[in-house]
Amino acid sequence: MRRWLLALIAAPSLAQPAVPPTPLQLPATTELKRWTAPEARQGVAVDAQHFYAIVNSRIGKYRKADGVKLGEWVGDRIAIRHLNSCVVDRAKLVCANSNYPQTPMASSVEIFDTKTMRHVGSIPLGVRGGSLTWVERHNGRWWAAFANYDAPRSDDGRTHRDTKIVILNDDWAEVGGYKLPDSVLAKLPPNSISGGSFGPDGLLYLTGHDATELYVLRVPPQGPVLDHVATIPAQLEGQAWAWDRSAARTLYGITRKSGEVVVMQVPPVP
């Protein structure tokens, strides 16, 4: 009995919390070029030939080769109040819209034809416990961020810590989701996650409201909290951005203060 008690006292406590590994601090992205685009205040989307600068109820279509504007969509600011981001999904622009900064927070997904720039569809998500800031399809599901903010833009007592990454099925019903790790949440106050997309390496890259860096996260094999694996300084001011799937590890971001679209090369994550 005595030996058993001594062994129990000497054994490490099972109640001790595990300390997550420190995220890698990687080299900065390399700027390749930049274009002036007055709509580049909320985000940018990109396909093989064009980029699309986004602000509230306006989207400008530009040619990647020389930055020449080719078309635009201008909408009703009451119906589509705050386009946060868009992503090209085949021949469609799939965009996250919200009623920010109004409360209660309500969101919708708005869809546009990339060729004609006409609005072709709307999916009302209603009140979902946050403000939709980005959405994209990954591994057969829709992934999205619902942002929450600190006072005075808090809704129903929530703070930036209530920001969540959710998984939705083809009927736009929530079927899963993840919490952000504390190391990312600490970067957000008083705002939240503004941009996000899965990279070519299968990792999830996120940006905040104005910080000039990318947060690289891994979907864990178990548990409800994403793993923060790396941080990458970048030539953008937070907000929404997009991977150029036609080029290796190339990302389009924005600098909202100057209204510019910035093209950059992203270093690999070990």
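Author: Start with β13 and strand β14 (residues 174–179), which pair in the antiparallel sense over five bridges. Two strands count as paired if DSSP finds at least two bridges between them. Strands are DSSP runs of E with at least two residues, numbered from the N terminus. This is a predicted model: local features need pLDDT of at least 70, side-chain atom pairs count only at pLDDT 80 or more, and totals for chains, interfaces and linings use all residues. Residues are numbered from 1 along each chain as its sequence is written, and side-chain values use heavy atoms, with hydrogens and water left out.

Reader: Which residue of β14 stands opposite Val 166?

Author: Gly 177. The two strands, β13 and β14, form a hairpin with five residues between them. In the turn, Trp 172 has a positive phi of about 65°.

Reader: Why is β13 called largely enclosed?

Author: Buried means under 20% relative accessible area, exposed over 50%, partly exposed in between (1.4 Å probe, protein chains only). Four of the five residues of β13 (residues 164–168) are buried, so the rest of the structure largely encloses this strand.

Reader: Which residues lie nearest the centre of the largest pocket?

Author: Of the 17 lining residues, Pro 20, Pro 181, Leu 226, Asp 227 and His 228. Strand β18 (residues 227–233) gives the most to this lining, with three residues.

Reader: And the second largest pocket?

Author: That pocket has about 290 Å³ of space. It is lined by 23 residues, and the closest to its centre are Val 87, Val 88, Glu 136, Ser 197 and Arg 245. Elements giving two or more residues to the lining include β7 (82–89) and β11 (131–138).

Reader: In what order do the strands of the open sheet run?

Author: The order is β3-β4-β5-β6, with antiparallel pairing. Its edge strands, β3 (43–46) and β6 (69–74), each pair on one side only. Five bridges join β5 (residues 58–63) to β6. Tyr 62 has Lys 69 in β6 as its bridge partner.

Conventions. On a 1 Å grid over the protein atoms alone, a cavity is a set of points where a 1.4 Å probe fits but cannot get out, and a pocket is an open set with protein on both sides within 12 Å along at least five of seven lines; lining residues have an atom within 4 Å of a point. Grid points are joined across faces, edges and corners, and a volume is the space filled by probe spheres set on the points.
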